[in-house]
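Colleague: Could you take a close look at a single part of this one for me? I'd like to know where it sits and what it touches.

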Amino acid sequence: MNDSPVYSKTLTFKTNNLGTDATLMLTFNKDIHNLHRETFPLCWKVSSFGKEGPYSIRLTFHNQLAFVKPQVQRGVIIDASTYKLINVDQKTTLTKDDNNVYHFSDVVKGEDGYLEVLNGCPLREDLLIGFTDPDGIQDPAPLLYFDNVGHEELIKAQFQPFLRAYITEQYQDSEIIEAEVSTSFFWEMDLASLDPSTTWLLTYSKSEGTYKISEI
């Protein structure tokens, strides 16, 4: 089984007299197989920063992952009907009993380097990968969504915690990103490389019309 350490990363994003109103959107969408075809990233967080004065948002990421049977409403993940904590090199199976209740099996050894889930339900189902606190107390925050997974179809997923930042008002928290984001990302960070707590300053260059995020 995978022996990678469990960690949490808290990031604080701040502005101070940014000079323009801006909406920051954060997502994990780097190097995803079949992106926007079979696998869809989720909008992790959206935060609006005003033109004048100080603003701040504090977020925490845990690398404890989980497979989730989600509840979806108008393209937004609204809840998890059930989930199973999982690590790299592990596999679980989703089933549905005679009372239409979903269950994930206990994890077993899977293929090295992958998180695996088998749809053992009789019909197509949607699934997702999320992250939760190491004790599994919080409902998982959605990361990657798998649409219309067939009966006996095996999902083999890989996830790296590369967080990307965009300036866009197009999304809301936990929304499925069904197509390429219309603006380019301007910041990317491997969360595994960070200290447990970091603070970042969002700035705007009026002359260049560009944004920048720098650690402070």
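Modeller: Asn119 is found in strand E11, which covers residues 115-119; strands here are DSSP runs of at least two residues, marked E and numbered from the N terminus. Before going further, this is a predicted model, where local features need pLDDT of at least 70 and side-chain atom pairs count only at pLDDT 80 or more, while totals for chains, interfaces and linings use all residues. Residues are numbered from 1 along each chain as its sequence is written, and side-chain values use heavy atoms, with hydrogens and water left out.

Back to Asn119: the residue is buried, at 0% relative accessible area (buried means under 20%, exposed over 50%, partly exposed in between, with a 1.4 Å probe and protein chains only). Its side chain reaches the backbone oxygen of Gly150 at 3.0 Å. Gly150 also turns up among the residues that Asn119 touches, along with Val149, His151, Glu152 and Glu153, and then there are Leu94, Arg124 and Glu125; residues up to four places away in sequence aren't counted. Contact here means heavy atoms within 4.5 Å.

As for cysteines, Cys121 is buried too, at 0% relative accessibility, and Cys43 is buried at 1%. The structure holds 0 disulfides, a disulfide being a pair of cysteine sulfur atoms within 2.5 Å.

Tyr55 counts as partly exposed, at 35% relative accessibility.

How values were computed. Helices (H or I, at least four residues) and strands (E, at least two) are DSSP runs, numbered from the N terminus. A polar contact is a pair of N or O atoms within 3.5 Å; within protein, one must be able to donate a hydrogen and the other to accept it, and residues adjacent in sequence count only if both atoms are side-chain atoms.
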